[in-house]
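Please have the sequence and the structure open as I speak.

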Amino acid sequence: MKNNHDLTSCHAGKKLAKVIAITNQKGGVGKTTTTMNLGYSLSQQGFKVLLIDFDPQHNLTNYLEGEAHSFTISEAIAEEISGETEYVSSLIQKYTESLHYIPTNLSLSAIELKLVMTNAREYILTDILTNLKIRDQYDYVLIDCMPALNMLLINVITAVDSIIVPVEASYGAFEGLEQLFEYVKMVQKRLNRDLKIEGIVYTKVNNTKISKEVREKLQDIYPNLLLSIEIKELTEARKSYAERIPLEEMKKSRLAMDYSNLATEIAVKRGQG
Ligand SMILES: Nc1ncnc2c1ncn2[C@@H]1O[C@H](COP(=O)(O)OP(=O)(O)OP(=O)(O)O)[C@@H](O)[C@H]1O
Ligand SMILES: [Mg+2]
């Protein structure tokens, strides 16, 4: 069995996984697209990556596998709540050798209600990651969040090192951002002192006046948070998603190029570039 000092399977050799949540309570801003493409790009750059689908809409699971799984993060949480901690190893699925994922299903939304009545409810995901020794096995763990501020999100931001916030180039871009950052502050104060904001990634960017204005406003309000790599609005993003085109086949696309640059920016920030 591995312990915390046996990290030979990690690309970096010395570091434990960096765990990052991809979150924004606004729907459709590119959270799932960012999770899978950034994850794939990081795996292409030699890192071992785990994606966790933490959205009951299970878009990420659908994209990666397309079939229902009998054991998902929902069942793992239910077991953790009932005190069983013997997770079957099949919770983790392989997409490629270096890109793994934990699927979810619709019952994750019912779990939210159970969590509200559970002791130490904020730490359930933290405990699952610990029990599975996730940090020992990967370089990066990316968690795709649902578009909501709720107990599931509290679980996620209590468990992670940092968050990436995709913000879409549209007039409604700022809706809910301040509330999200309030949540972050609350969690930093009480549950996860070390929580950082990795950055805002500007998505679906085009040459319109709106794109330009929203970028300027983001730079104005969050000068230290806006990541320098932005993701262009590309029809191939929608197509690849709708048709479930394997990430390998998208490798040479413009979308993959943007996300590869973003992966480099994230790795460089961590000192791994
Ligand atoms: N860069 C892009 N260019 C064009 N379309 C994009 C881009 N990124 C994402 N999309 C499309 O926008 C839609 C929403 O994207 P996505 O599902 O990633 O957002 P989300 O934040 O995860 O949504 P939800 O809040 O519902 O989980 C999808 O149809 C996706 O294909
Ligand atoms: Mg999503």
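Let me begin with terms: on a 1 Å grid over the protein atoms alone, a pocket is an open set of points where a 1.4 Å probe fits, with protein on both sides within 12 Å along at least five of seven lines, and its lining residues have an atom within 4 Å of a point. A molecule sits in a pocket if more than half of its atoms lie within 2 Å of its grid points, and in that sense ligand 1 sits in the largest pocket.

What we are looking at is a predicted model, in which local features need pLDDT of at least 70 and side-chain atom pairs count only at pLDDT 80 or more, while totals for chains, interfaces and linings use all residues. Residues are numbered from 1 along each chain as written, chains are lettered from A and ligands numbered from 1 in written order, and side-chain values use heavy atoms, without hydrogens and water.

The largest pocket is lined by 23 residues, and Gly28, Val29, Gly30, Thr33 and Lys204 lie nearest its centre.

Around ligand 1 there are 19 residues, of which Lys31, Thr32, Thr33, Lys232 and Tyr241 come nearest, where near means having a heavy atom within 4 Å.

Which backbones make polar contacts, that is, pairs of N or O atoms within 3.5 Å, with an oxygen atom of ligand 1? A backbone N or O atom of Gly28 lies 3.0 Å from such an oxygen, and one of Val29 also lies 3.0 Å from an oxygen atom of ligand 1. From the side chain of Asp55, an N or O atom is 3.4 Å from a ligand 1 oxygen.

Conventions: A polar contact is a pair of N or O atoms within 3.5 Å; within protein, one must be able to donate a hydrogen and the other to accept it, and residues adjacent in sequence count only if both atoms are side-chain atoms.
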